Amino acid sequence: MVAMSTKKKRVIVGMSGGVDSSVCAHILKEQGYDVVGVTMKIWQNDDMANDGGCCGLSAVNDARRVADSLSIPFYVLDFREEFKKTVIDYFIREYFKGRTPNPCIACNRHVKWEAFLEKSLGLEADFIATGHYAKIERLENGRFAIKGSFENKKDQSYALYNLTQFQLEKTLMPLGNYSKEEIRDIAKSIGLDVANKPDSQEICFIPDNDYGNFLKNNSDYEALTGDFVDINGNKIGTHNGIIYYTVGQRKGLGAFGKPMFVKNINPTKNEVMLGSDSDVFENSLICDDINMMAIGEIVGEIDVLAKTRYSQKLAKAKIKKDGERIICNFLEPQRAITPGQSAVFYDEIGNILCGGTIT
Amino acid sequence: MNKIYFDNAATTRIREEVLREMVTNLADVYGNPSSVYKTGREARALLDKARVQVANILRADASEIFFTGSGTEADNWAIRGIAKSYKDKGNHIITSNIEHHAVLHTCEYLEKNGYEVTYLPVNSDGIVEIEDLKKAIRPETILITIMFANNEIGTIQPITEIGKVAKENGIIFHTDAVQAVGADEIDVNAMNIDLLALSAHKLHGPKGVGALYVRKGVKLEPFIHGGKQEAGKRAGTENVAGIAALGHAVELLQNEMQEKNEKVLNLRNMIIDELLEKIPYSRLNGSREHRLPGNINISFEFIEGESMLLLLDMKGIAASSGSACTSGSLDPSHVLLALGLSHEIAHGSLRISIGMYNTEEEAKILITELEAIVKRLREMSPLWNDFINKQ
């Protein structure tokens, strides 16, 4: 027998049955890796299994078919408990604290890059891989960083700022070098019948997008009605419960004779403060629960490009450390800076420097 | 890459000679057994022969054997059929909490339709206590359905005693013997079994064929309405080649049962002894004494069965963490929980089921690989590290 000195590196690919992760598995196989496909089982009940978008039962069937056509082993692994604890429970808790959570960031951090990575390493994987549109680069200072693409509309770097150095070292994201169109073309050229599938929706565990209803049905908390107040604290109306509002929101507030927007939410007083459009602009933010990526620490004040929501444009800002927190001052006022969302700071070429949760 | 198959409780490799005959029958004996002409009569003869072969291994009469599409179908038919046919007598059914889902889910279905079901517990060895059975009997009890041998932990139930109790109380007794046929002696008369389900693919026959034994005199509603096949109780043109293959496989197995079981038992004992000796904090689940010769169900503390299975698969070794029918769901096995095992330990369980094609060499590879896998997974397990640090 020939000695297996050139043993292939094993990569476990998180497969959703969609175009991106399917092509990701294909590319890695072409590159000579020992590719294993895994679908993470995160759905909590049958409703979710059937229409849970990227992670439902039909996703498993699609992923299995793709894995078969690529001739790679395929497994379904159970992450229901982790998903419930670190994503769904967190999502509910945050709303009742008057904050607006980002469940995708929580899922990436705790389910994909803690539970899934750990399990994969147990299965003798050298790397895990995902179909994210982002690049992982090793920088001159020796650190790993996610590099976002400013031009790519599909850039998903924002939701990945929380990855640690160890996690980045163990991760491959081969799609970072391609556009969505190129990926669809590859899918077609290798005959994947997922090539025309629509992109997955926003929040996989709320398929009907009715957050209020989901929060009501999935928690013991009670949504209590309370006061709408103006920016001076005067009562101007009654709200249905703080969970139904997010900073910057205009719709569903009622009639006030002029356009009104949610400026902030005070869970202690059970109050929702409303103001005019210009009242919801802020010059600065503070974030905590910091993850450092391209740089190990912030020395003095540094120039950054900041993103405060997935869909938001980059804004010029300066950041500095304040104990365990980061203070970010924008060059121009920013609209609807929302507690619970994340602030991610890039350098001018797109490397993520660091990020944290907006307080 | 290895190609080692240790999941014979999930299904078995079809025998070479059974397969060859089956293919020949499919090609040549294509007549409909209900037709009067020669090729139809030939097909009918195959069914008749298979009926005798299956009856023989159960010590039953050929007229008491009805072919079905699977063991699960046979269980469904038996339980739903008796429930309906004896509705006037009562609405209470007794079963155990370690049954296969073919039985459990059928019972749950009946519960939603006006029947009452008692799920007997098992002792820590995985055996139903006769006293519990006696206590559960009511005037309106119409059926006792308790499996012959369990599919996950291989424990063999006291069928003769159960049959005796059923007979004394005038209650019909059905047993799911899918795992037991060919692995243990069965005599439906001596054991007072009224209905019995079996499946071809568990005994080196093809998939898609099962049979239900129904004692003469027991009333059983038809299961599928249509033509006159299977005495008009299970209509639909018969799976002739498959049924003939079931009969063939059963006959071959019957002739060499003792020899096969001895070989399988020796491998089983070797694997159990070595694993328990080499891997600390491991335990055998279910009685060792009252157990199918080919079944091992073993728990390794501090690790998950799922990772263990996948690593074995990557080494070319097929085993299972529970029954094949539930491993898709990843919930801890209801059988292991019924033994009183904690969720954690139930999760760290592995079923190794040995068949007649397994060799000592394969057993040795399994032991070596498994020892390394458990070691690796424990090294990565926070539970294990906490435990070791406390020692």
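## Two domains in chain B

Chain B splits into domain 1, made of 4-11 + 257-390, and domain 2, covering 16-253. Keep in mind as you read that this is a predicted model. Taken over C-alpha atoms, the centres of domain 1 of chain B and domain 2 of chain B are 29 Å apart. Where these two domains of chain B meet, the contact draws on 25 residues from domain 1 and 25 residues from domain 2.

## The domain 1 side of the contact

Let's look at the side of domain 1 of chain B that touches domain 2 of chain B. Three elements of chain B each give at least two residues to this side: helix H7 (240-278), strand S10 (295-300) and helix H9 (334-338). Among the contributors, H9(B) has the largest share, with 3 residues.

What is the make-up of this side in nonpolar, polar and charged residues? The residues divide into 15 polar, 8 nonpolar and 2 charged.

## The nonpolar cores

Now to the cores. The largest nonpolar core holds 124 residues, and those touching the most other members are Val11(A), Val13(A), Leu28(A), Val111(A), Ile146(A), Phe345(A) and Ile352(A). Helix H5 of chain A (residues 103-122) provides the largest share of this core, 8 residues.

Leaving out residues up to four places away in sequence, Ile146(A) touches Ala134(A), Lys135(A), Ile136(A), Ser157(A), Leu160(A), Tyr161(A), Leu163(A), Met293(A) and Ile352(A). Of these partners, Ile352(A) is also listed with Ile146(A) among the core residues that touch the most other members.

Another core, of 85 residues, lies apart from the largest one; its members include Ala50(B), Ile193(B), Val214(B) and Ala244(B).

Methods: Residues numbered from 1 in each chain as written. Chains lettered and ligands numbered in written order. Predicted model: local features only at pLDDT ≥ 70, side-chain atom pairs only at ≥ 80, totals over all residues. Domains from an automatic or database assignment. Contact = placed C-beta atoms within 7 Å. Helix = DSSP H or I, 4+ residues; strand = E, 2+ residues; numbered from the N terminus. Nonpolar A, V, L, I, M, F, W, Y, C, P; charged D, E, K, R; others polar. Core = buried A, V, L, I, M, F, W, Y, C linked by C-beta atoms within 7 Å. Buried ≥ 20, exposed ≤ 12 C-beta atoms within 10 Å, placed from the backbone.
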